[in-house]
Amino acid sequence: LAIQTARDLSPVESGRYKRSWILIADKQLVSENSIPENIDELILVNTQPYARKIHVRGARLRGVPPGIVEKVKQIVLKRFKDNFIINMEFMNLPNAYILKKDYIQKRRSGRMRLHTARGNELTYPALVVKQKF
């Protein structure tokens with residue numbers, strides 16, 4: 001349900017973002033068709049370097065509002081809240097995209113501040129599902 005919902009909510013231009021959702025079961029990449037039983041943790045994450053930007057800002061040109069992973073969380077929670085603990089987290093991935101330049105953020109006061117420095121790894125919005133015991 002989670003991976004299909006994420007794909008359904010994904011903006012489509014080239015289709016790369018929609019195809020880049022992966023599942024990680026207990027720190028191992030798994031296919032959506034072969035998720036092992038009795039796992040401690042299942043993670044749904046999009047591996048594209050702009051996944052965080054789409055989650056935080058949305059894809060305005062494609063009509064996708066911000067919060068795509070949070071929306072997936074709400075849909076999955078609605079159906080499985082009695083069986084699973086479901087959270088949205090920002091996580092590091094192996095071979096994560098490294099920022100090539102500083103990201104400066106403009107504050108409401110008009111002052112600029114360094115938000116993220118060049119050389120840092122991006123964190124990716126992820127849905128983390130754990131079984132209730």
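Tutor: A charge sits over a ring if NZ of Lys or CZ of Arg is within 6 Å of the ring centre and within 35 degrees of the ring normal. Arginine 52 lies over the face of phenylalanine 90 in this sense, at 4.2 Å from the ring centre. The model is predicted: local features need pLDDT of at least 70, side-chain atom pairs count only at pLDDT 80 or more, and totals for chains, interfaces and linings use all residues. Residues are numbered from 1 along each chain as its sequence is written, and side-chain values use heavy atoms, with hydrogens and water left out.

Strand β3 is the part to examine. Helices (H or I, at least four residues) and strands (E, at least two) are DSSP runs, numbered from the N terminus. Strand β3 covers residues 41-46, and five of its six residues are buried, so the strand is largely enclosed by the rest of the structure. Buried denotes under 20% relative accessible area, exposed over 50%, and partly exposed in between (1.4 Å probe, protein chains only).

Two strands pair if DSSP finds at least two bridges between them. Strand β1 (residues 21-25) pairs with β3 in the antiparallel sense over five bridges; within β3, leucine 42 is the bridge partner of alanine 25. Strand β7 (residues 124-131) also pairs with β3 in the antiparallel sense, over five bridges, and here isoleucine 43 stands opposite valine 128. In a regular strand the side chains alternate between the two faces of the sheet.

Two loop residues deserve attention. Lysine 27, in the loop between β1 and β2 (28-30), has a positive phi of about 70° although it is not a glycine; its relative accessibility of 73% makes it exposed. Asparagine 38, in the loop between β2 and β3, has a phi near 55°, again positive in a residue other than glycine, and it counts as exposed at 72% relative accessibility.

Finally, the aromatic rings. Rings of Phe, Tyr and Trp (its six-membered ring) pair if their centres lie within 6.5 Å; planes under 30 degrees apart count as stacked, over 60 as edge-to-face and the rest as tilted. The structure holds three aromatic pairs. The rings of phenylalanine 80 and phenylalanine 84 have centres 6.0 Å apart and planes at 75°, so this pair is edge-to-face. Phenylalanine 80 is partly exposed at 24% relative accessible area, and phenylalanine 84 is partly exposed at 25%. Ring pairs also link Tyr17, Trp21 and Tyr50 into a cluster.
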